[in-house]
Amino acid sequence: METILQVRDLHTSFLTSNGEVQAVRGVSFDVEKGKTLGIVGESGSGKSVTSLSILQLLGSTGRINSGSIKLDGEELTTKNKKEMRRIRGGRIAMIFQDPMTSLNPLIPLGDQVGEMLWEHKKEMSKAERDAKVVELFRMVRIPEPEKRLKSYPHEFSGGMRQRVMIAMALACRPELLIADEPTTALDVSIQDQILKLMRSLQQEMGMSIMFITHDLGVVAELADRVAVMYGGLIMEEADIFDIFKDPRHPYTLGLLASIPDMNQDKSKKLQPIPGSPPDMIRPPKGCPFAPRCPYAMRICADELPPYVSTGENRRSMCWLLDPEAPETGNPFRNKK
Ligand SMILES: Nc1ncnc2c1ncn2[C@@H]1O[C@H](COP(=O)(O)OP(=O)(O)OP(=O)(O)O)[C@@H](O)[C@H]1O
Ligand SMILES: [Mg+2]
């Protein structure tokens, strides 16, 4: 298996008037070539900051304090602004939640996608660019693409605008696509269409995808592997099948219990995880999930658990998996 993106022990924080927000606190993962890594977790877990760190779009208050980010073996954290600009939209493309904020309302959509091409391929003529944009619109299944070049963002529905964003992302044939909640603002049926589109485009282009969402159901549709984030850390990482069939972290159990489709018994009420995420200015010294964890032991509040291998190519960060953890009331008993 070849790796396109390798992130190691990433620490990212923001300076605020209240103190330093420790948004990402030692995150490591790989994205394999041609595969999709899903990053899931509740609001505030550090998913977006992880992706913004990769792209170096942290703003003036954000900073990568330590760690390594390698794209196809090449270190990104030491690149300068100009080099990173070339990488963004070129080798790494991104799509975000709300297409309206990323699109300019005053410029025809065809020209906006064309501009992306121009940024990275200055030798193309206007006619070549228009032809390429039509091809991209066709690729993302925008009907009558020739007629759509001159349309403005407000003339498109939310789903169609997101297709334009995907076309823009694909314009330079990126090696890696980072999608941060790209379907959250869309209706469920449109959301499903966009996920299907992304999956077939990935097969056509052999692209690697890092897909961020708070919804494990969405991840099930698309991901090969899943990293479950909480409190700026990866709590569990495993292949998609293992995460659903045999989760090995109380936080993953909690997320699974809150997915509608996973609950066969429709009469049973969905169980959102009670409690709220930790304060990232003063993160707890133990496991960040301990205050909300139904199985928490004394050690959980005192010490951050180490990663434990929970099978082939999977790991979890949980004291319940420690060989000395008690068996009674342990949801992972006989699995350690
Ligand atoms: N520019 C910023 N300045 C200060 N704190 C920030 C900034 N951006 C993010 N944070 C904080 O960093 C933490 C992680 O935020 P992040 O945006 O990565 O969460 P997320 O997992 O993407 O959540 P969501 O599902 O809501 O998008 C949060 O505590 C957030 O408040
Ligand atoms: Mg986010």
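## Exercises on a predicted model

Alanine 290 counts as buried, at 11% relative accessibility. Buried means under 20% relative accessible area, exposed means over 50%, and partly exposed lies in between (1.4 Å probe, protein chains only).

This is a predicted model, in which local features need pLDDT of at least 70 and side-chain atom pairs count only at pLDDT 80 or more, while totals for chains, interfaces and linings use all residues. Residues are numbered from 1 along each chain as its sequence is written, chains are lettered from A and ligands numbered from 1 in the order in which they are written, and side-chain values use heavy atoms, with hydrogens and water left out.

### Exercise 1. Alanine 290

Find where alanine 290 sits and which residues it touches.

*Solution.* 
- Step 1: Alanine 290 is in the loop between helix 11 and helix 12 (298–302). Helices (H or I, at least four residues) and strands (E, at least two) are DSSP runs, numbered from the N terminus.
- Step 2: list its contacts (heavy atoms within 4.5 Å). Leaving out residues up to four places away in sequence, alanine 290 touches Ala296, Cys300 and Ala301.
- Step 3: check a distance. Alanine 290 and aspartate 302 are 12 residues apart along the chain, and 9.5 Å separates their C-alpha atoms.

### Exercise 2. Helix 11

How many residues of helix 11 are buried, and what covers them?

*Solution.* 
- Step 1: name them. They are Pro250, Tyr251, Thr252, Gly254, Leu255 and Leu256.
- Step 2: find the cover. It includes strand 3 (36–40), strand 9 (225–230) and strand 10 (233–239). Helix 9 (216–222) and helix 10 (240–245) are also among the covering elements.

### Exercise 3. The shell around ligand 1

Describe what surrounds ligand 1, by residue, by element and by class.

*Solution.* 
- Step 1: count the shell. There are 14 residues around ligand 1, and the closest are Ser43, Gly44, Lys47, Ser48 and Val49. A residue is near a molecule or strand if one of its heavy atoms lies within 4 Å of it.
- Step 2: look at polar contacts. Such a contact is a pair of N or O atoms within 3.5 Å; within protein, one must be able to donate a hydrogen and the other to accept it, and residues adjacent in sequence count only if both atoms are side-chain atoms. Serine 43 brings a polar side-chain atom to 2.5 Å from an oxygen atom of the ligand. Lysine 47 also uses a polar side-chain atom, at 2.8 Å from a ligand oxygen. Glycine 44 uses a polar backbone atom, 2.8 Å from an oxygen atom of ligand 1.
- Step 3: Ligand 1 taken alone exposes 640 Å², of which the protein buries 65%. These areas come from the Shrake-Rupley method with a 1.4 Å probe; for residues, only the protein chains shown count as cover.
- Step 4: assign elements. Strand 1 (3–16), strand 2 (19–32) and helix 1 (47–55) each supply at least two shell residues. Helix 1 gives the most, with 3 residues.
- Step 5: sort by class. The shell has 5 nonpolar, 6 polar and 3 charged residues. Ala, Val, Leu, Ile, Met, Phe, Trp, Tyr, Cys and Pro count as nonpolar, Asp, Glu, Lys and Arg as charged, and the others, Gly among them, as polar.

### Exercise 4. Positive phi

Where do arginine 173 and asparagine 313 lie, and is each buried or exposed?

*Solution.* 
- Step 1: recall the background. Most residues other than glycine have a negative phi.
- Step 2: take arginine 173. Its phi is positive, near 50 degrees. It lies in the loop between helix 7 (158–170) and strand 7 (176–180). Arginine 173 is exposed, at 52% relative accessibility.
- Step 3: take asparagine 313. Its phi is also positive, about 60 degrees. It lies in the loop between strand 11 and strand 12. Asparagine 313 is exposed, at 53%.
- Step 4: view the hairpin. Strand 11 (residues 307–311) and strand 12 (residues 314–317) pair antiparallel over 4 bridges. The hairpin has 2 residues between the strands. Valine 308 stands opposite serine 316 of strand 12.

Definitions and conventions:
Two strands pair if DSSP finds at least two bridges between them.
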